[in-house]
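Let's take a walk through a protein model together. Have the sequence and the 3D view open, and look things up as we go.

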Amino acid sequence: MTRPVRPVRVPADGVAVWTQLARPRPWLPAVLLVGAAASLGGGLLADSPTQVWGSAALAVAAVAVGGVRVTVDARGLTLSGLLGVPRYRVPLGRIAAADVVEVAPLAFGGWGLRLSRRGEVGVILRAGPGLRVDRIAGRPLVITVDDAATGAGLLRALLAQR
């Protein structure tokens with residue numbers, strides 16, 4: 001289901017940028033960090049380098065799921081992890097439309113980087129409003145983020161200026 005999108009006015013000679021930090025519910029990174037700490041303790045007690053490295057990987061995963069920076073500007077849509085990587089960009093010239101949709105994680109098969117039954121690629125960190133970007137070629141992209149309506153409105157304004 002799509003939601004209404006507020007129009008965003010961008011002066012012809014102006015610059016507009018919208019950015020939001022898309023975050024999961026706080027319990028997800030917390031659970032991963034507790035698991036990493038427990039695993040690290042066990043690895044140190046057992047003198048297991050493999051378990052210590054696995055704990056480090058789990059800690060990195062906790063940071064990775066801690067949030068995604070979503071940015072809309074004249075270049076298009078950019079998604080980047082909290083550490084700046086990974087980074088994914090959809091150039092404005094490859095965007096056909098932008099909308100706000102209500103997202104249910106189970107429709108995407110859960111949380112994380114997912115593929116829905118309808119063929120949408122999703123960065124699903126929680127239930128609620130999501131920014132949907134239809135690409136000229138390729139699958140639609142959906143990301144759950146607060147204030148998705150402003151992001152969609154800015155993308156629409158930038159598309160209208162092309």
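The largest nonpolar core in this predicted model has 29 residues. The largest share, eight residues, comes from α3.

Now zoom in on V70. Skipping its neighbours within four places in sequence, V70 is in contact with a whole list of residues, including W18, A22, L77, L79, L131 and I143. Apart from this core lies another one, with six residues, among them V103, A107, F108 and I124.

Next stop: G130, which you'll find in strand β9. Is G130 buried or exposed? Its relative accessibility is 0%, so G130 counts as buried, the cut-off being under 20%. Leaving out neighbours within four places in sequence, G130 is in contact with D99, V100, V101, V103, I143, T144, V145 and A148. Take D99: it sits 31 residues from G130 along the chain, yet their C-alpha atoms are separated by 8.4 Å.

Finally, have a look at the strands β7 (residues 112-115) and β8 (residues 121-124). They run antiparallel and are joined by four bridges; one of the pairings puts L115 with V121. Together β7 and β8 make a hairpin with five residues between them, and G119 in the turn has a positive phi of about 90 degrees. β8 also pairs with β10, this time in the parallel sense, over three bridges. There, V121 stands opposite L141.

Key:
Residues numbered from 1 in each chain as written. Predicted model: local features only at pLDDT ≥ 70, side-chain atom pairs only at ≥ 80, totals over all residues. Heavy atoms only, no water. Core = buried A, V, L, I, M, F, W, Y, C linked by side-chain atoms within 4.5 Å. Buried < 20%, exposed > 50% of the residue type's maximum accessible area, 1.4 Å probe, protein only. Helix = DSSP H or I, 4+ residues; strand = E, 2+ residues; numbered from the N terminus. Contact = heavy atoms within 4.5 Å. Pairing = 2+ DSSP bridges.
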